[in-house]
Amino acid sequence: MTPALTTPPLSLYVHLPWCVRKCPYCDFNSHEGRGALPFDAYVDALIADLEHDLPLVWGRTVHGVFFGGGTPSLFPPEFIDRFLQGASARLRFAPGAEITLETNPGTAEHGRFELYKAAGVNRLSFGIQSFDDGCLKRLGRIHDSLDADSAVKLAQDAGFDNLNLDLMYALPGQTLAMAETDLQRAFALDPAHISHYQLTLEPNTVFAARPPQDIPDEDGAWDIQEHCQALLAEHGYGQYEVSAYARPGRRCQHNLNYWRYGDYLGIGAGAHAKITLGAEQDILRRWKLKHPTQYLAAAGTPAAIGGDDRIAPQRRPFEYMLNVLRLVEGFSLDSFESCTGLSRQDIEPQLQAAYAHGWLERDGDRVRPTELGRRFTNDVVGLFLSQ
Ligand SMILES: C[S@@+](CC[C@H](N)C(=O)[O-])C[C@H]1O[C@@H](n2cnc3c(N)ncnc32)[C@H](O)[C@@H]1O
Ligand code: SF4
């Protein structure tokens, strides 16, 4: 019998698309905000957008909210407050739901963090990137290392104890010792979570068009990654995903849900959603118009939808693996069945091939990537592409 597709946990992603300045390596949907930004109109648009999508999630509980960007901390706290009030009048939030706001240290102002906290935000994610002023300059960042230290301390003084610091490595001109110093500077601030991303040259960015000449090569980047992984573990940060490390009990619930092939509504310019439609036994992906001006004009109407895509059963194994194989914990065969509506028998040949390569290992109902499998994620996931 084919297993039923059941609705997994649901979270809410909210995209805030403006930044003070566009960084040369960044391909996120982020736009330099020139002049006064339309904060009020954008919050109205977000609420209208949410209202429009509500029928997709009637009766379901929301387990977390993630304000991503762009630079969400450009929005003064009263706008975050107004959005959260509007959202909680329309959705049922789980008690203690994680509410994260991405923050650029260059936008930290005294007194702001208390107000974000009062609005309901209980986790901040800081885009630190590096504590080396030379590296920060080459990355085109608007902050320096002292701004980074003081922004994190301001947040801690305001009572935030659930903080993430984003760091990037394999930066132009960066040595292994410099990458390790960045981590030591992060440890000194005692965050609950560290995201450690390898700099990638994304198409359509300034760095892709004119790549810096002194970026560490593949072996150099691998060396940094291995040493930094060990250093993170020594300091009590357990790796749970390719780039994510957390103290016990402090994994990012929103991202974890996403990697477990959970559901999320996507509100805001260019935001993506993935929703399981239990009654229709289908999975819907929906995305919104990318450009803030077009989005503002259309939000709350069908014209704001950039596209809808139904994920046919034969595409689901690949999509599922693309997410869950990023996780150190891998997945359970039960969860594969309930999240995809397919039977474990449907992927047995691919699983056997992956075990034979030494890429995956099985422990009862659980399937995990091995260390070798984590090095070759693309090859492992590729096994599950439908023919
Ligand atoms: C949307 S940004 C969030 C924070 C905020 N916008 C900032 O930059 O301060 C998310 C994170 O993705 C990472 N990131 C962005 N572009 C990247 C790239 N090309 N390679 C690796 N990591 C990248 C950065 O660490 C960044 O903090
Ligand atoms: S501040 Fe963050 S989102 Fe904005 S351009 Fe830089 S990396 Fe991208």
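Q: What ground rules apply to the model and its numbering?
A: This is a predicted model: local features need pLDDT of at least 70, side-chain atom pairs count only at pLDDT 80 or more, and totals for chains, interfaces and linings use all residues. Residues are numbered from 1 along each chain as its sequence is written, while chains are lettered from A and ligands numbered from 1 in the order in which they are written.

Q: How many helices and strands are in the protein chain?
A: Helices (H or I, at least four residues) and strands (E, at least two) are DSSP runs, numbered from the N terminus. The protein chain has 15 helices and 17 strands.

Q: What does the radius of gyration of the protein chain agree with?
A: The radius is taken over C-alpha atoms, and the globule rule is 2.2 Å times the number of residues to the power 0.38. For 387 residues a compact globule would have a radius of gyration near 21 Å; the protein chain has 21 Å, so the two agree. Its C-alpha trace spans about 60 × 50 × 40 Å along the principal axes.

Q: Which residues come nearest to ligand 1?
A: A residue is near a molecule or strand if its C-beta atom, placed from the backbone, lies within 6 Å of it. Ligand 1 has 16 residues around it, and Y25, N104, G127, D166 and Y197 come nearest. The elements giving two or more residues to this shell are β4 (61–69), β6 (123–129) and β7 (163–169).

Q: How does the shell around ligand 1 divide by class?
A: Ala, Val, Leu, Ile, Met, Phe, Trp, Tyr, Cys and Pro count as nonpolar, Asp, Glu, Lys and Arg as charged, and the others, Gly among them, as polar. The shell around ligand 1 has six nonpolar, seven polar and three charged residues.

Q: Which residues are around ligand 2?
A: They are C19, K22, C23, C26, F28, S30, G69, G70, T71, N104 and G127. By class, four are nonpolar, six polar and one charged.

Q: At what angle do α1 and α2 cross?
A: Axes are lines fitted to C-alpha atoms, for helices over the stretch in contact, and angles run from 0 to 180 degrees between N-to-C directions. Angles under 35 degrees count as roughly parallel, over 145 as roughly antiparallel, 65 to 115 as roughly perpendicular and the rest as oblique. Helix α1 (residues 39–53) and helix α2 (residues 77–90) have axes that come within 10 Å and cross at roughly 15°. The two are therefore roughly parallel.

Q: Which residues make the contact of α1 with α2?
A: Two residues are in contact if their C-beta atoms, placed from the backbone, lie within 7 Å. In α1 these are F39, V43, L46, I47, L50 and E51; in α2 they are F79, R82, F83, G86, A87 and R90. The contact divides into eight nonpolar, one polar and three charged residues.

Q: How do α11 and α12 cross?
A: Helix α11 (residues 316–324) and helix α12 (residues 333–340) have axes within 11 Å, crossing at roughly 125°. That makes α11 oblique to α12. R316, P317 and Y320 of α11 meet F336, C339 and T340 of α12.

Q: Where is the backbone cis?
A: The peptide bond from G69 to G70 is cis, with omega near 15°. G70 is in the loop between β4 and α2.

Q: What is phi of D190?
A: Phi is near 55°, a positive value in a residue other than glycine. D190 sits in the loop between α6 and β8 (193–198).
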